[in-house]
Amino acid sequence: MFHKLFPNARVEDLVEATKETFYMTGVSVLGTFIFGIILGLLLYLTAKEGLWANKVLNFIVATIVNISRAIPFIILIFLLFPFTDWLMGTIRGPNAALPALIIGAAPFYGRMVEIALKEVDKGVIEAAKAMGAKTSTIIFKVLLPESMPALVSGLTVTAIALISYTAMAGVIGAGGLGDLAYMKGFQLWDFDVVFLSTVLIVIIVFIFQFIGDFISNKLDKR
Amino acid sequence: MISIKGLNKIFKSSSGDVTAVEDLNISIPKGEIFGVIGYSGAGKSTLIRLLNRLEEPTSGEVIIDDQDVTKLSTNKLREARQDIAMIFQHFNLLWSRTVRENIAFPLEIAKVSKQEREKRVDELIHLVGLSGREDAYPSQLSGGQKQRVGIARALANNPKVLLCDEATSALDPETTDSILDLLVDINEKLGLTIILITHEMHVIRKICHQVAVMEHGRVVEQGDVLDVFLHPQQPVTKRFVDQIMGDRDEEDALSTIVSQHDSGKVLRLHFVGEKTNQALISEIAKRFPVAVNILHGKITQTKKGAYGTLIVHIDGSSEAIQEAIHYIEETSVEVEVTSDVS
């Protein structure tokens with residue numbers, strides 16, 4: 001039945017590609033979360049009237065974020081080839097896609113983190129200051145916990161963008177479902193495989209969305 | 001003991017400087033409840049934030065227990081802030097933490113061990129009357145309960161001073177009273193000095209020993225609550241006192257009543273810290289051959305006794321009336337003859 005409908009699809013290939021897509025998305029989401037939080041915190045803290053108000057630093061971070069967000073992802077991959085080669089020792093396969101994925105998504109997520117932090121009640125920060133809290137305490141015990149639901153839903157949106165980035169990275173040989181669809185679809189004209197890859201990617205997106213919404217709701221005690 | 005000397009705060013902005021607090025001098029004895037009243041924009045919110053340096057003073061001194069807060073380094077200031085607790089109009093609780101975890105927060109900041117934290121939080125929950133709600137999140141609490149959490153959190157590190165920033169302004173009258181009772185209770189039990197700012201005279205009347213009235217960044221009047229009530233000097237103070245005593249329009253109706261009497265006198269009796277005001281009237285009626293008719297009155301209880309005005313019509317022979325007035329003058333009640341009907 002499966003074979004009749006999708007004559008060119010090989011289950012092993014699909015399973016392998018799905019695994020690679022999950023791997024690339026999972027690792028890059030984690031990396032994006034860490035670097036995005038750092039960027040977002042820097043943007044928030046160095047802003048005017050922030051805890052580390054610093055015009056110069058704020059300008060530098062904002063510029064880096066804006067420039068990297070302006071570069072189209074496919075070009076970013078090419079641009080990073082030397083860096084990727086130096087860092088990962090290869091420019092092919094799922095691992096080689098990771099630097100570009102994280103560098104492409106972290107600034108985007110960083111802006112979302114900044115927005116989430118701006119939503120934290122100023123009064124609560126003032127209360128923590130009045131209790132004698134250090135800036136590090138305010139970051140880890142007030143800012144991040146109080147903005148966690150927004151940080152998680154922002155990460156969900158970013159993760160879904162990352163899934164489509166992995167597909168784009170696939171085109172230049174990173175593996176995953178994007179790679180499979182490109183190889184079979186574009187080069188071999190096997191549209192059944194393209195269709196199956198699409199279905200699998202949509203399912204992955206739904207899974208990430210569901211998990212993200214679930215965690216965000218669970219965390220929100222407002 | 002807190003003493004504030006020559007305190008100024010000027011906000012610099014592109015559209016010119018704004019003086020929020022100007023040449024403030026206040027001294028507050030240990031264990032007192034000191035109220036600052038003023039309309040919004042009077043500078044009272046800035047004032048209270050200058051005391052723990054949430055706002056940096058432009059000049060002046062804030063001395064709390066022989067320590068000049070304005071001269072402390074950042075690290076020392078953080079330590080000092082553990083002794084200067086604060087509660088807020090909008091409570092400012094962490095919504096992501098339960099009641100118990102919110103109260104534990106300042107203890108975490110002060111690096112108290114987990115075991116001691118648990119013990120202290122239990123005591124505080126009991127003290128502010130939140131037993132049974134310790135695992136609730138702020139969103140599940142009423143305004144009054146949230147402020148109780150705020151108070152418990154403020155008391156966690158056994159502070160010397162409690163700053164209250166419009167602590168009851170977001171609460172309904174009944175809840176306001178219960179929170180005020182709690183503050184008095186804490187003040188008496190723990191000997192804590194409390195500084196509160198408010199725009200409600202009711203709050204001052206109910207719990208404060210001393211009051212300062214602020215307008216345009218300056219203290220325009222200051223003293224014992226009762227004195228300020230009795231002899232308000234500034235127009236702004238008079239308006240605040242009228243908040244409690246009802247405005248003088250009501251007394252216009254008196255002239256109508258007075259005109260209905262064709263003999264006797266109308267007296268205005270001022271009660272100042274008088275504790276036996278009821279007995280006075282019956283005493284007069286018993287001692288002198290006069291009839292006393294209460295026309296209008298408003299007595300309010302302050303921390304230092306009753307304060308208020310009673311307007312009575314007194315009738316009888318003119319000698320008897322004179323004797324009665326003389327008798328009243330010998331008590332602590334002030335008497336004023338408003339109209340002589342006869």
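# Two chains, questioned

Guide: Let's start with one residue pair: Ile2(B) stands opposite Ile64(B) in β4(B). Bear in mind that this is a predicted model.

Visitor: What makes β1 and β4 of chain B a pair of strands?

Guide: Two strands count as paired when DSSP finds at least two bridges between them. Strand β1 (residues 2–11) of chain B and strand β4 (residues 59–64) of chain B are joined by five bridges, and they run antiparallel. Five bridges set against a requirement of at least two: they pair.

Visitor: Which strands make up the open sheet, and in what order?

Guide: There are four of them, in the order β2-β1-β4-β5 (chain B), and the pairing is antiparallel.

Visitor: Why are β2 and β5 of chain B said to stand at the edges?

Guide: β2 (18–28) and β5 (67–68) of chain B each have a single partner strand, so one side of each has no neighbour in the sheet.

Visitor: What makes β9 and β10 of chain B a hairpin?

Guide: Start with the pairing: strand β9 (residues 210–215) of chain B and strand β10 (residues 218–224) of chain B share six bridges in the antiparallel sense. That meets the need for at least two bridges. Two residues lie between the strands, and His216(B) in the turn has a positive phi of about 50°. Within this pair, Ala212(B) stands opposite Gln222(B) in β10(B).

Visitor: Staying with chain B, why is Thr237(B) called buried?

Guide: The cut-off is 20 or more other C-beta atoms within 10 Å. Thr237(B) has 21 C-beta neighbours inside 10 Å, so it counts as buried. You'll find Thr237(B) in helix α9 (residues 235–245) of chain B.

Visitor: Which residues does Thr237(B) touch, leaving aside its neighbours within four places in sequence?

Guide: Thr237(B) is in contact with Val213(B), Glu221(B), Val228(B) and Pro232(B).

Visitor: How much of chain B is buried?

Guide: Of its 342 residues, 39% count as buried. Chain B holds 12 helices and 14 strands, and its C-alpha atoms fill a box of roughly 80 × 50 × 35 Å along the principal axes.

Visitor: What does Lys221(A) contact, apart from its neighbours within four places in sequence?

Guide: Residues of chain B, namely Trp95(B), Ser96(B), Tyr137(B) and Ser139(B).

Visitor: How many residues of chain A are in contact with chain B?

Guide: 18 residues of chain A contact 18 residues of chain B. On the chain A side, α7 (122–130) and α8 (135–171) are the elements that give two or more residues, and α7(A) has the largest share, with six. By type, that side divides into eight nonpolar, three polar and seven charged residues.

Visitor: Which residues of α10(A) are buried, and what covers them?

Guide: The buried ones are Val193(A), Val194(A), Leu196(A), Ser197(A), Ile201(A), Phe208(A) and Gly212(A). The cover includes α2 (11–46), α8 and α9 (176–187) of chain A.

Visitor: What does UniProt say about chain A?

Guide: An unreviewed UniProt entry places "transmembrane region" at residues 22–44, 56–81, 93–110, 150–173 and 193–215 of chain A. The annotation "domain: ABC transmembrane type-1", also from an unreviewed entry, covers residues 18–212.

Visitor: What does the model show over those residues?

Guide: Residues 56–81 of chain A are 88% helix and 0% strand, with end C-alpha atoms 30 Å apart. Residues 93–110 of chain A are 94% helix and 0% strand, with ends 27 Å apart. Over residues 18–212 of chain A it's 85% helix and 0% strand.

Visitor: How confident is the predictor in chain A?

Guide: Chain A averages a pLDDT of 92, and 100% of its residues score at least 70.

Note on methods
Residues numbered from 1 in each chain as written. Chains lettered and ligands numbered in written order. Predicted model: local features only at pLDDT ≥ 70, side-chain atom pairs only at ≥ 80, totals over all residues. UniProt positions renumbered as here; feature names shortened; annotations may be inferred. Helix = DSSP H or I, 4+ residues; strand = E, 2+ residues; numbered from the N terminus. Contact = placed C-beta atoms within 7 Å. Nonpolar A, V, L, I, M, F, W, Y, C, P; charged D, E, K, R; others polar. pLDDT = per-residue confidence, 0-100. Buried ≥ 20, exposed ≤ 12 C-beta atoms within 10 Å, placed from the backbone.
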